[in-house]
Every structure is written in C-alpha cells, then in structure tokens.
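Hi,

Here is the structure I promised to pass on. Have a look at it first, and my notes on what turned up follow below.

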Amino acid sequence: MPTILITGTSSGIGRATAKHFASEGWNVVATMRNPDDAGDLSEDTMVLPLDVTNRDSIEKAVADTVDAFGGLNVLVNNAGFAVIGALEAVSVEQIEQQFAVNVLGTMAMTQAVLPQLRAQKSGTIVNISSIVGRFTYPLGAIYDASKFAVEGFSEAMRFELETIGARIKIVEPGLIASDFGTRSMQFAHDPKLTAYQPLVDAMGAMAAKFSEMAEPADVVAEAVWQAVTDGTDTLRYPAGQAAHAALADREKLDDLTFYAKTKERFGI
C-alpha cells in the first residue's frame with residue numbers, strides 16, 4: 001500500500017484528509033504537535049508527534065515513516081494558522097510565527113522528504129494553500145502573504161521535482177467548516193487604532209456570513225485525493241464550490257474592478 005504523511009491532523013482539513021486516505025487503504029501517518037489530540041485517528045493511522053518549526057522533529061517523523069513502511073509516496077503540508085488584523089496591530093513575533101509555520105514549515109518538510117523522493121524517482125507533495133493565496137481580503141496582509149509565498153514556492157518547485165521524477169500540487173480551499181476560525185486564528189487588534197475600525201467592523205459582520213457558507217472539510221480531502229491520484233501534472237486544485245466561484249471571479253476581473261468588488265462585498 002502507498003504511504004502518505006500529513007501534517008496538522010488534529011482537526012479540520014488534516015484530520016479529514018487522513019481519514020479519507022485511510023478509508024482507501026493507504027498507510028497514513030497522521031502528525032500533530034500533541035498526539036493526545038489524535039482521538040479516533042489512532043485506530044486507522046500511525047500517529048506521530050511533529051512540530052513543523054522544529055527540524056529535529058521533522059527529521060524524526062520522516063525517518064520513522066520510512067522505517068515503518070519502507071518509503072513515502074505523498075507528503076501533505078497542511079499545518080498552518082492565520083494571523084488576522086491591521087498590520088499596525090500585529091506584533092513582530094506574530095509575523096515571524098506566521099511565516100515560521102505556514103512558509104518555513106512547508107519548506108522544511110519539503111526539504112526533509114526530497115532525498116526519499118529522489119531515491120524513489122517518484123512521489124507527490126501537496127501544499128495546502130488557500131483562495132487567499134491568489135487574492136486578498138481586508139486585514140489579511142500577514143496570512144495572505146504567507147499563502148502567496150506557498151503558491152510561489154510550489155510553482156517554482158515544479159522544475160526541481162520534475163527533474164527527480166516527482167510532482168507538486170497546490171490545493172486551494174475556500175470557506176471550510178473547521179476550527180480554523182477559533183484556535184487556528186489569531187486576531188490582532190488595538191482599540192487605540194481607531195482608523196482601522198471600519199475594516200474591523202466589516203470583517204466581524206462578514207465572519208457570521210462566512211460560517212453559514214462554509215463547506216465541510218471533506219471537500220478539501222477529496223481535492224487532495226484527486227491531486228494525488230489523477231496522474232496529471234495539474235498544479236492547482238480549488239477545493240469547494242466557494243473556491244471555484246471566487247477564483248473564477250478573480251480571473252475574469254482586472255485588479256481595480258476586483259478591488260472595488262471586494263470593498264462592496266465587505267461593505268467598506
């Protein structure tokens with residue numbers, strides 16, 4: 001059976017993806033910072049501790065996977081979180097942590113599996129990005145920038161991976177029902193910065209609407225499955241109806257029109 005290693009599987013997209021591949025008979029290595037959060041994942045998967053900001057943790061998880069199953073066919077870089085807020089309200093530490101997890105963690109995981117993929121002359125890396133890896137929302141400068149970085153990194157890595165017989169894919173979720181808006185999000189706000197209050201109020205009003213429109217994490221798991229198994233060199237896979245609609249809208253509108261439409265949508 002092929003083997004897949006997934007980061008950030010304690011909940012949401014990572015958990016749904018682990019369950020999906022396990023149901024298809026794959027060897028699934030579900031990783032998370034605290035394995036006590038695995039719950040019923042441990043019934044069908046191999047659960048390992050992994051912190052994508054710790055190189056020793058990364059190397060050990062990859063080595064343990066290869067030792068257990070004799071190889072590694074797929075890496076899914078899913079671990080991530082969001083810092084939302086006006087840039088003036090965001091601390092330097094929050095900016096550094098945002099990129100340490102979402103960008104540097106993705107790069108470090110990719111580096112760690114490349115020797116194995118090169119030796120096998122095969123394999124797939126799937127990077128979980130977002131629709132905001134291709135356009136932006138108000139107060140998303142830090143998080144959106146991290147996902148733009150993931151998109152650029154992935155696109156450039158196509159050349160290197162093709163050279164060694166492997167592939168890279170980007171999955172772009174839209175509005176997904178998970179704990180992303182709670183424990184996986186940090187909202188930076190300084191009430192003294194009143195100039196940004198209209199944006200804060202607009203985002204707060206939209207948050208309720210977003211939760212109503214959110215699709216289940218299973219739609220992302222299905223997109224990951226398609227990316228891994230379709231046998232094509234397709235790079236980007238929007239996940240969910242909202243993602244397809246939003247990205248289609250972005251592609252057909254020029255920058256100024258899309259910016260104006262976004263402001264109108266948020267009531268700014």
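Let's start with serine 154, which sits in helix H4, residues 141-163 (helices are DSSP runs of H or I with at least four residues, strands are runs of E with at least two, both numbered from the N terminus). Before going on: this is a predicted model, where local features need pLDDT of at least 70 and side-chain atom pairs count only at pLDDT 80 or more, while totals for chains, interfaces and linings use all residues. Numbering runs from 1 along each chain as its sequence is written, and side-chain values use heavy atoms, with hydrogens and water left out.

Back to the serine. Serine 154 counts as buried because its relative accessibility is 0% (buried is under 20% relative accessible area, exposed is over 50%, partly exposed is in between, with a 1.4 Å probe and protein chains only). Its side chain makes a polar contact of 2.8 Å with the side chain of asparagine 127 (a pair of N or O atoms within 3.5 Å; within protein, one must be able to donate a hydrogen and the other to accept it, and residues adjacent in sequence count only if both atoms are side-chain atoms). Leaving aside residues up to four places away in sequence, serine 154 touches Asn127, Ile168 and Ile170 (contact means heavy atoms within 4.5 Å).

Next, the salt bridges. The structure holds 14 of them (a side-chain nitrogen of Lys or Arg within 4 Å of a carboxyl oxygen of Asp or Glu). One of them joins arginine 236 and glutamate 155, at 2.8 Å from N to O. Arginine 236 is in strand S11 (residues 236-239) and glutamate 155 is in helix H4, so this pair ties together parts 81 residues apart in sequence. Both ends count as partly exposed, with arginine 236 at 26% relative accessibility and glutamate 155 at 38%. Arg236 and Glu155 also belong to a network of salt bridges that links them with Arg134, Glu151, Glu172 and Glu251.

Arginine 167 and aspartate 233 form another salt bridge, with the closest N and O atoms 2.9 Å apart. This pair links distant parts of the chain, 66 residues apart: arginine 167 is in strand S7 (residues 167-173), and aspartate 233 is in the loop between helix H6 (218-229) and S11. Arginine 167 is partly exposed at 31%, whereas aspartate 233 is exposed at 51%.

There is also a salt bridge between aspartate 249 and arginine 265, at 3.6 Å from N to O. Aspartate 249 lies in helix H7 (residues 241-252) and arginine 265 in helix H8, 16 residues apart. Here aspartate 249 counts as buried at 9% relative accessibility, and arginine 265 as partly exposed at 34%.

Finally, the cavity. How many cavities of 30 Å³ or more does a search of the whole structure find? It finds one (on a 1 Å grid over the protein atoms alone, a cavity is a set of points where a 1.4 Å probe fits but cannot get out, and lining residues have an atom within 4 Å of a point). The largest cavity holds about 40 Å³ of space (the space filled by probe spheres set on the points, which are joined across faces, edges and corners). Its lining is made up of Ala86, Ala89, Ala188, His189, Asp190, Leu193, Tyr196 and Val200.

Cheers

Notes
On a 1 Å grid over the protein atoms alone, a cavity is a set of points where a 1.4 Å probe fits but cannot get out, and a pocket is an open set with protein on both sides within 12 Å along at least five of seven lines; lining residues have an atom within 4 Å of a point.
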